[in-house]
Amino acid sequence: MKRWAFMAGGWLLAVSAGAQFAGLPVADTAPAATGETRISAGAVLGDDFNLFGGRILFAPIKGLALFADPGLLDPDGGDLGFAVQGGAKLTLPFKNKPVDVALRAAWSYAGFDVPGGDAKLNDFNAGVLVSRDIQFFSPYAFLGINYCDAQVNASGGDGGDAGEEDNADSETGGGEEEETDDSGRKVAKLAGGAGGSGSDEEYDVAAAAGLLLRFGKQFSLYAEIAYVDDLFAAAGARWRF
């Protein structure tokens, strides 16, 4: 039963972490000039998960920008891991508009160790980004949907002990009964006993709002609040070449 307890904790941690880093931070406005290149660095802070990383963005043609994010994850109850994210932003050619509008999509992957095993996350995030440039600052907002596939694999070191404990419990039916919560039973069912792994898929609404503050034509700071299954905050800086 200890094995499934480790698995339950890891599964819950993986699902919450996946919902918090996916596609975020937005940290951007809708338009991007052709040939524009930007780099940025910052942090995402949440209740059970922190992310530290950077981004490079390049606009190869009019209306299209591509970005890539390498980063590090620091989950509560888990070990420091890594994350990578890539995506695209397509600015819509609306005329006489009060705000700029873009379609934005990102794919993310993350991996880190949890007690009793390791977690791997695959995530897809897509939605609409709106913004407006007002002198030296630009407010922006994002609304979309987030899909996360979280997998937790149990280490095999204690599998035999777990099996012996289960057999002992079944043979001594009159003994003390160990309580197992719903999460533990769910992970045990997903793992199937033999493979020692569990997985879960989750869909969530993704929303974010932030502000870019420009200091000249190249340097700017950003602050952002977002909600993807949980509330978190992000802040950082970017440089435009």
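In strand 7, K120 has Q151 as its bridge partner. The two strands concerned, strand 6 and strand 7 (residues 137–154), pair in the antiparallel sense over 15 bridges, where pairing requires that DSSP finds at least two bridges between two strands. Helices (H or I, at least four residues) and strands (E, at least two) are DSSP runs, numbered from the N terminus. This is a predicted model, in which local features need pLDDT of at least 70 and side-chain atom pairs count only at pLDDT 80 or more, while totals for chains, interfaces and linings use all residues. Residues are numbered from 1 along each chain as its sequence is written, and side-chain values use heavy atoms, with hydrogens and water left out.

**Overall composition**

- The chain contains three helices and 10 strands, in the sequence order α-β-β-β-β-β-β-β-α-α-β-β-β.
- Of the 241 residues in the chain, 42% are buried; buried means under 20% relative accessible area, exposed over 50%, and partly exposed in between (1.4 Å probe, protein chains only).
- Taking contacts between residues at least 6 apart in sequence, 61% join residues at least 24 apart, with contact defined as heavy atoms within 4.5 Å.
- The chain has an accessible surface of about 12100 Å², and carbon and sulfur atoms account for 61% of that surface. Accessible areas come from the Shrake-Rupley method with a 1.4 Å probe, and for residues only the protein chains shown count as cover.

- Strand 5 (residues 100–114) pairs with strand 6 (residues 117–131) in the antiparallel sense over 15 bridges.
- Within this pairing, A106 stands opposite N125 in strand 6.
- The hairpin of strand 5 and strand 6 has two residues between the strands, and G116 there takes a positive phi near 90°.
- The hairpin of strand 6 and strand 7 has five residues between the strands, and Q135 takes a positive phi near 55°.

**Positive phi outside glycine**

- Q135 is not a glycine, yet has a positive phi of about 55°. Q135 is placed in the loop between strand 6 and strand 7 and is exposed, with a relative accessible area of 69%.
- D229, also a residue other than glycine, has a positive phi near 70°. D229 lies in the loop between strand 9 and strand 10 and is partly exposed at a relative accessible area of 34%.

**Aromatic pairs and charges over rings**

- The structure holds four aromatic pairs. Rings of Phe, Tyr and Trp (its six-membered ring) pair if their centres lie within 6.5 Å; planes under 30 degrees apart count as stacked, over 60 as edge-to-face and the rest as tilted.
- One of these pairs is F82 with Y109, tilted, at 5.9 Å centre to centre and 45° between the planes. This pair links distant parts of the chain, with F82 in strand 4 (residues 81–91) and Y109 in strand 5, 27 residues apart. F82 is partly exposed, with a relative accessible area of 43%.
- F136 and F137 form an edge-to-face pair, at 5.4 Å centre to centre and 65° between the planes. F136 is partly exposed at a relative accessible area of 46%, and F137 counts as partly exposed at 25% relative accessibility.
- R55 has its charged end over the ring of F67, 4.8 Å from the ring centre. A charge sits over a ring if NZ of Lys or CZ of Arg is within 6 Å of the ring centre and within 35 degrees of the ring normal.
- R104 lies over the face of F142, at 5.9 Å from the ring centre.

**Nonpolar cores**

- The largest nonpolar core has 27 residues, of which V26, L73 and Y140 touch the most other members. A nonpolar core is a set of buried Ala, Val, Leu, Ile, Met, Phe, Trp, Tyr and Cys residues joined through side-chain atoms within 4.5 Å.
- Strands that each supply at least two residues of this core include strand 2 (49–61), strand 8 (197–215) and strand 9 (219–227). Strand 7 gives the most, with five residues.
- Another core, of six residues, lies apart from it and has L57, A65, F67 and A106 among its members.

- I39 lies in strand 1 (residues 37–45) and counts as partly exposed at 37% relative accessibility.
- I39 and A68 are 29 residues apart in sequence and 9.8 Å apart in space, C-alpha to C-alpha.
- Leaving aside neighbours within four places in sequence, I39 is in contact with R55, I56, A237, R238, W239 and F241.
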